[in-house]
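Visitor: I would like to learn how to read helix packing, backbone geometry and a ligand site from a set of coordinates. Could you take me through them one at a time?

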Amino acid sequence: MLQAKLTSRSSSEQQTIVHLSPSVAIGGQQITIIAGPCTVESQTQMDLVATKLQAAPVQAIRGGVYKPRTSPYAFQGMGVEGLEILGRVRSHHHLPVVTEVMAISQIPILVEQADMLQVGSRNMQNFDLLKELGQINKPILLKRGLAATLEEFVMAAEYILSHGNDQVVLCERGIRSFDTYTRNILDLGGVVALKQLTHLPVIVDPSHATGKRELVAPLAKAAIACGADGLIIECHPVPEESVSDARQALSLEDMIKLVHELQPVAAAVGRTMVQRQLVAA
Ligand code: PEP
Ligand code: MN
């Protein structure tokens, strides 16, 4: 990574902390969990997800309103209407929201309603988009390209930093290989390498990495055990009915259980997690 001037780690202490809100950050000692559906489907769906997950607790909620679908005939996302739902979730539930940006033209409205903009795998090397995102004051979640090398991934982040925005989180979400049993191959070696090579926070998406809900919790634990700063996980009130990525969605109950099960794993590697709020009887 010879040309990674701005993202390279110069010492073991150097660590960027990315702030989603005054109380939620990624990259510190505390593990950050982002969870929610693949796609925003309705206000009712998002309110239910937010209410249940806030108690888990998760620190931020995800949901796509502009969806990069393989087929042009598949549902493309709710667009502005979905964004308004996210805006209401953010203000009513006081949860930061993360949503995907696919085009430069979407940036102005997304910055109004979202706390972090996700660059999906398919856009990791959309350099014009990266340059524009480098000029805004909003955290960026940069997902690794479908078949991107670590160097290409880091250089994509470098595009954003070199245009002025240093609030970038890297996300390993699996890469293409020959075996199609899992949707992708989760590169945990890459996560460890990225933590050593760069000072940016690194989170893991075990949902898109595996494509199968029964594989999500074990890999989420493995990710935290190997040093990831957080997780982004898909879940849905009725997983089988998700309009996209149904096969990998956890139920809200399984998501809450997973957050709980991550606590000892985090503690074993010297990390902390936000504790569940105990409500007095
Ligand atoms: C998503 O987060 O729903 C998504 C499309 O992810 P990726 O870009 O990693 O495929
Ligand atoms: Mn998805």
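Visitor: In which hand does H5 pass H6?

Guide: In this predicted model, the crossing of H5 past H6 is right-handed. The hand is read together with the distance and angle between the axes: for helix H5 (residues 150-162) and helix H6 (residues 188-197), the axes come within 11 Å and cross at roughly 45 degrees. That angle makes H5 oblique to H6, because an angle has to be under 35 degrees to count as roughly parallel.

Visitor: What angle do H1 and H9 make where they pack, and how far apart are their axes?

Guide: Helix H1 (residues 43-54) packs against helix H9 (residues 252-268) at an angle of about 25 degrees, and the two axes are 10 Å apart. H1 and H9 are therefore roughly parallel to each other, and their crossing is right-handed.

Visitor: Turning to the backbone, which peptide bond is cis?

Guide: A cis bond is read from omega, and here the bond from Ala56 to Pro57 is cis, with omega near 0 degrees. Pro57 sits in the loop that runs between H1 and strand E4 (60-62).

Visitor: And where does His94 lie, and what is its phi?

Guide: His94 belongs to the loop between helix H2 (80-93) and strand E5 (97-100), and its phi is positive, about 55 degrees, although His94 is not a glycine.

Visitor: For the ligand site, which residues come nearest to ligand 1?

Guide: One begins with the shell and then looks at individual atom pairs. There are 13 residues around ligand 1, of which Arg62, Gln118, Ser121, Lys143 and Arg173 come nearest; sorted by class, the shell has seven charged, four polar and two nonpolar residues.

Visitor: How far are the polar side-chain atoms of Lys67 and Arg173 from an oxygen atom of ligand 1?

Guide: For Lys67 the separation is 3.0 Å, and for Arg173 it is 2.6 Å. In the side chain of Arg62, an N or O atom is 2.8 Å from an oxygen atom of ligand 1. As for burial, ligand 1 taken alone exposes 300 Å², and the protein buries 97% of that area.

Terms used: Residues are numbered from 1 along each chain as its sequence is written. Chains are lettered from A and ligands numbered from 1 in the order in which they are written. This is a predicted model: local features need pLDDT of at least 70, side-chain atom pairs count only at pLDDT 80 or more; totals for chains, interfaces and linings use all residues. Side-chain values use heavy atoms; hydrogens and water are left out. A residue is near a molecule or strand if one of its heavy atoms lies within 4 Å of it. A polar contact is a pair of N or O atoms within 3.5 Å; within protein, one must be able to donate a hydrogen and the other to accept it, and residues adjacent in sequence count only if both atoms are side-chain atoms. Accessible areas come from the Shrake-Rupley method with a 1.4 Å probe; for residues, only the protein chains shown count as cover. Ala, Val, Leu, Ile, Met, Phe, Trp, Tyr, Cys and Pro count as nonpolar, Asp, Glu, Lys and Arg as charged, and the others, Gly among them, as polar. Axes are lines fitted to C-alpha atoms, for helices over the stretch in contact, and angles run from 0 to 180 degrees between N-to-C directions. Helices (H or I, at least four residues) and strands (E, at least two) are DSSP runs, numbered from the N terminus. Angles under 35 degrees count as roughly parallel, over 145 as roughly antiparallel, 65 to 115 as roughly perpendicular and the rest as oblique. A crossing is left-handed if the near helix is turned anticlockwise from the far one by less than a right angle, and right-handed if clockwise.
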